[in-house]
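Here's a quick briefing for anyone opening this structure for the first time. Have a look at the fold, then read on.

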Amino acid sequence: MSILENLSEAVQKGRVKDVLALIEVGLEEGLSAQELLDGGLLKGMGLLGVRFKNNEVFVPEVLIAARALNKGSEALKPRLIAAGVQARGKAVIGTVKGDLHDIGKNLVKMMLEGAGFEVVDLGVDVPDETFVSALQEHTPDVLCLSALLTTTMRQQESVIAAVVAAGLRNSVKILVGGAPITTAFATEIGADGYAPDAASAADVATSMLAAA
Ligand code: B1M
């Protein structure tokens with residue numbers, strides 16, 4: 001098996017030590033951090049996701065794999081983000097209420113930091129009022145909302161309504177994303193932008209600053 005296949009396998013089995021060791025070997029052998037992330041860590045989680053959907057594995061296995069993926073992406077973080085970038089904007093990020101998925105949100109955070117944003121991370125299952133309080137406290141340029149479930153995507157609309165009700169809508173750009181989100185949905189709920197993945201989230205947030 002190749003290093004990437006082994007890495008994908010180690011994520012699926014939730015083996016943190018193997019994940020970290022394989023990342024080291026991969027880097028030594030000249031693979032890029034992006035290749036290790038996409039072709040190893042995320043590939044493994046994607047395959048596990050299919051088995052999760054087919055009821056071949058269950059929540060505990062997926063949680064263990066998620067921990068391994070998070071540890072692996074943390075190890076790659078210094079290489080994924082450009083060193084020494086000046087902070088050029090501030091973002092508040094969180095996964096909306098009712099939703100516990102944080103791997104994608106963590107990657108978006110990492111890429112935003114790489115693009116020079118200072119990022120305030122509110123975590124997962126974040127109530128609307130917590131987003132509003134964070135806007136008041138941190139006055140970010142961009143509010144980033146992640147949702148992974150069809151049952152929680154509408155919560156992004158609820159956060160935007162809460163931001164409007166608090167009189168803050170004109171002082172922040174709102175970027176939404178997550179597997180079930182589309183450009184059409186983002187437009188429908190009144191977001192300023194949508195990004196399909198972490199790298200483009202950083203690009204869209206950066207262009208939001210330029211347009212502000
Ligand atoms: Co959940 N889960 N899960 N899960 N889980 C999915 C999402 C699912 C598609 C699995 C499936 O059935 N195939 C399905 C959703 C179905 C649907 O709604 N249509 C599902 C379900 C049903 C559930 C539960 C309801 C299962 C249950 O309990 N019966 C439950 C819900 C819990 C809750 O949130 N209340 C649940 C629980 C869990 C775990 C806790 C076990 C675990 C999460 C652990 C964690 O995050 N720490 C988990 C996981 C890991 C998954 C899968 C397997 C992987 C998700 C992931 O991390 N992908 C997932 C199946 C799959 O995706 N193949 C699944 C990797 C990650 C990098 O991708 O998060 O999409 P993603 O992020 C991408 C983009 O979406 C985008 O950029 C990221 C990087 O490129 N992006 C943004 C994300 N946020 C963004 C924000 C932006 C811009 C881009 O701007 C602000």
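Let's start with strand β3 (residues 142-146), where 5 of 5 residues are buried, meaning under 20% relative accessible area, with exposed being over 50% and partly exposed in between (1.4 Å probe, protein chains only). Strands here are DSSP E runs of at least two residues, and helices are H or I runs of at least four, numbered from the N terminus. This is a predicted model, where local features need pLDDT of at least 70, side-chain atom pairs count only at pLDDT 80 or more, and totals for chains, interfaces and linings use all residues. Residues are numbered from 1 along each chain as its sequence is written, and side-chain values use heavy atoms, leaving out hydrogens and water.

**Around β3**
- Val142, Cys144 and Ser146 are buried on one side of β3, and Leu143 and Leu145 on the other.
- β3 runs parallel to β1, joined by 5 bridges; strands count as paired if DSSP finds at least two bridges between them.
- Leucine 145 in β3 is the bridge partner of glycine 94.
- β3 also runs parallel to β4 (residues 173-177), again with 5 bridges.

**Helix α6**
- Asp128, Phe131, Val132, Ala134, Leu135 and His138 are buried in α6 (residues 128-138).
- These residues share one side of α6 because they span an arc of only 160 degrees around the axis, taken from the directions from the helix axis to the C-beta atoms.
- Glu129 and Glu137, on the other side of α6, are exposed.

**The cobalt**
- His101 (NE2), 2.2 Å away, is the single protein donor to the ligand's cobalt atom; donors are N, O and S atoms within 2.8 Å of the metal (3.2 Å for Na, K and Ca), and water is not among the atoms, so sites may look incomplete.
- Histidine 101 sits in the loop between β1 (89-95) and α5 (103-114).
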